[in-house]
Amino acid sequence: MQRRLLHLCPPRATTLIELLVVLAILGMLTALLLAGVQASRDAARRATCSHHLRQQVLALQAFHAVHGRFPAGRRWTARGVEYGWYVELLPSFEQTALAARLDLTRPWSAPINEAASRSDLRVLLCPAALRKFPGKADYGGILGSLLGQQDGPGRFEYTNGVMIEVGRGGRLAAVRLADVTDGASQTLIAAESADRDADGPGRWVSGLNCFSHDNGQINAENGGDIYSLHPGGAYVGFADGHVQFLSRSTDTALIGALCTRDGGEPVSLP
């Protein structure tokens with residue numbers, strides 16, 4: 001019997017075009033994977049941020065239930081010492097011991113208060129924010145707004161919001177729900193204002209933490225307006241305790257109406 005010789009064909013080499021196609025497909029899959037990971041991270045940051053602001057506005061509701069008023073956004077004592085609204089909410093954040101360490105007869109920036117005022121509170125931090133420093137707050141109380149303001153020159157003193165300044169020649173009483181005649185569900189009480197200055201506005205202990213939104217769109221100005229590092233908008237909290245994400249494209253007149261408590265403007269939320 002004759003043996004049959006098997007002639008094996010050599011393997012065909014991969015062409016350059018095929019290699020480029022494979023690399024292009026891998027690049028597309030990698031880009032899709034990275035986009036999915038980024039979207040997942042953004043969603044997680046937004047969920048955490050919304051939860052943090054929700055805890056704050058619920059604490060404000062609880063404070064009002066006990067005291068019959070909201071805390072002053074910025075309170076001045078008879079000794080000329082000022083501090084911010086978060087100080088009065090510390091017990092609601094299970095920070096009674098921290099509150100006891102603050103000597104409110106002395107400025108919050110005094111050496112005796114330095115250690116306490118530099119404490120970090122997770123509930124006041126947005127995970128999408130970039131700056132990091134001790135005692136930071138990425139949220140602030142709403143003083144009001146100049147947008148759509150109808151009063152004459154000189155009449156506006158940042159008293160048309162909910163978290164107003166009390167004392168030192170200003171109002172003598174903080175705002176009550178009865179003063180929110182525009183409706184608690186249509187009036188902002190707090191909002192994101194991320195990565196502000198560490199010398200006062202960005203600190204939870206300071207009364208400068210409150211702000212008036214006056215410069216137009218959301219996310220347009222991070223020096224003292226509603227501002228976040230979330231794509232497309234920012235979270236805001238209402239006087240009735242609910243939280244909503246407002247788009248950067250929200251009409252500026254609507255923002256002004258939401259920031260004021262008694263302007264009587266018609267409001268149609270998206």
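Two strands count as paired if DSSP finds at least two bridges between them.

Residues are numbered from 1 along each chain as its sequence is written. Because the model is predicted, local features need pLDDT of at least 70 and side-chain atom pairs count only at pLDDT 80 or more, while totals for chains, interfaces and linings use all residues; side-chain values use heavy atoms, with hydrogens and water left out.

- Strands β1 and β2 are antiparallel and pair over 3 bridges; R74 has G84 in β2 as its bridge partner.
- Strand β3 pairs with β5 in the antiparallel sense over 3 bridges, and G140 stands opposite A191 in β5.
- Strand β3 also runs parallel to β6, joined by 2 bridges; there I142 has F211 in β6 as its bridge partner.
- In β3, 6 of the 6 residues are buried, so this strand is largely enclosed by the rest of the structure. Buried means under 20% relative accessible area, exposed means over 50%, and partly exposed lies in between (1.4 Å probe, protein chains only).

**Salt bridges**

- A salt bridge is a side-chain nitrogen of Lys or Arg within 4 Å of a carboxyl oxygen of Asp or Glu. By this rule the count comes to 8 salt bridges.
- One of them joins the side chains of E88 and R69, at 3.5 Å from N to O. This pair links distant parts of the chain, 19 residues apart: E88 is in helix α2 (residues 85-89), and R69 is in the loop between α1 (16-67) and β1 (74-76).
- R69 is partly exposed, with a relative accessible area of 22%.
- A network of salt bridges links R69, R75 and E88.
- E82 and R74 form a salt bridge through their side chains, at 3.2 Å from N to O. Both E82 and R74 are buried.
- Another salt bridge joins the side chains of D195 and K136, at 2.6 Å from N to O. D195 lies in the loop between β5 (188-192) and β6 (211-212), and K136 in the loop between α4 (114-117) and β3 (139-144), so the pair ties together parts 59 residues apart in sequence.
- D195 and K136 are both buried.

**Nonpolar cores**

- A nonpolar core is a set of buried Ala, Val, Leu, Ile, Met, Phe, Trp, Tyr and Cys residues joined through side-chain atoms within 4.5 Å.
- The largest nonpolar core has 43 residues, of which W85, Y86, L124, I189 and W204 touch the most other members. Two or more residues of this core come from each of α1, α2, β3 and β5, and α1 gives the most, with 6 residues.
- Another core, of 17 residues, lies apart from the largest one and has L147, L188, L246 and L258 among its members.

- V22 lies in helix α1. V22 counts as partly exposed because its relative accessibility is 44%.

Conventions. Helix = DSSP H or I, 4+ residues; strand = E, 2+ residues; numbered from the N terminus.
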